[in-house]
Amino acid sequence: MLVFSEVPFFIRALFGDLLSYIPEKAKMKQNHNPVFSRIGQEGNLHMTQKVALITGSSRGIGKAAAIRLAKEGFDIVINYARSKSAALETAEQIEALGRKALVVKANVGDVSKIKSMFEQIEAEFGRLDVFVNNAASGVLRPAMELEESHWDWTMNINSKALLFCAQEAAKLMERNGGGKIVSISSLGSIRYLENYTTVGVSKAALEALTRYLAVELARKNIVVNAVSGGAVDTEALTHFPNREELLAEAREKTPAGRMVEIDDMINAVMFLLKDESSMIRGQTIIVDGGISLLV
């Protein structure tokens, strides 16, 4: 059994990084979202005393998202399951940027651990403005070789975690007028990938849940979307015996003329956190340089 956890399975492994109060609840006008206060050049996000949680943020896509958000002025909650040293290193980088960093160990496939994580967030910051649902895991086997434990493990971390994290995040977000939730998905949710059954199905469920959450949390001024990525060459790709083949295909066939990079994914996430994108709800933005159009 081949199991990878903590950061986005498909982004890191096949197409990148596998796995790693204001008490008022009054609705605000869309052109004056209290969650996002801008300073500086128009179109940029500069946050003051805002808090972002990124699951699976000790490395890869999650780490990059945490650092980018810290640069934009967020205090950061770093979540990890196994890589404590990497999580602490990420925290040091965030603190070097002048922001606070709370490091929380939690397997997000366990609802009790999710609740404990959010209790720590509430105790430390008393609020949450952004939740990037990034942690992921999966078992690489053909469908006919999968066991119940493989299915449960992958679905719990990749799908169930979004539901129960969103429930807890919404409680904190609505206290200060709303927030944003962005999940990381993968192209395996919409197309067949060899040995990718559990992850692909779990990501399809994640995208469906994104749509449901977007509707039900809209009344709380919480915007929910997802980002699905193309090939990114990161450390987890080394777990695949056909790594070079995958990279070569991405380089040669991507219509944009180059592979997707981590910054491309983060740019899409940051776009979905802007006020200007507030009318985008329940969508999965594909960032793959157009390669999925060739199927």
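These legends describe close-up views of a predicted model. Local features need pLDDT of at least 70, side-chain atom pairs count only at pLDDT 80 or more, and totals for chains, interfaces and linings use all residues. Residues are numbered from 1 along each chain as its sequence is written, and side-chain values use heavy atoms, without hydrogens and water.

**View 1. The largest nonpolar core has 33 residues.** A nonpolar core is a set of buried Ala, Val, Leu, Ile, Met, Phe, Trp, Tyr and Cys residues joined through side-chain atoms within 4.5 Å. Buried means under 20% relative accessible area (1.4 Å probe, protein chains only). Met117, Phe118, Leu128, Phe131 and Ile181 have the most contacts inside this core. Elements giving it two or more residues include strand E2 (50-54), helix H4 (111-124) and helix H5 (148-173). H5 gives the largest share, nine residues. Helices (H or I, at least four residues) and strands (E, at least two) are DSSP runs, numbered from the N terminus.

**View 2. Phe131 and its contacts.** Contact means heavy atoms within 4.5 Å. Residues up to four places away in sequence are not counted. Phe131 touches, among others, Leu53, Leu162, Met173 and Ile181.

**View 3. Helices H2 (residues 60-71) and H8 (residues 262-272).** Their axes, lines fitted to C-alpha atoms over the stretch in contact, come within 10 Å and cross at roughly 55 degrees. Angles run from 0 to 180 degrees between N-to-C directions. The contact includes Ala64 and Leu69 of H2 and Met265 and Ile266 of H8.

Definitions and conventions. Buried < 20%, exposed > 50% of the residue type's maximum accessible area, 1.4 Å probe, protein only.
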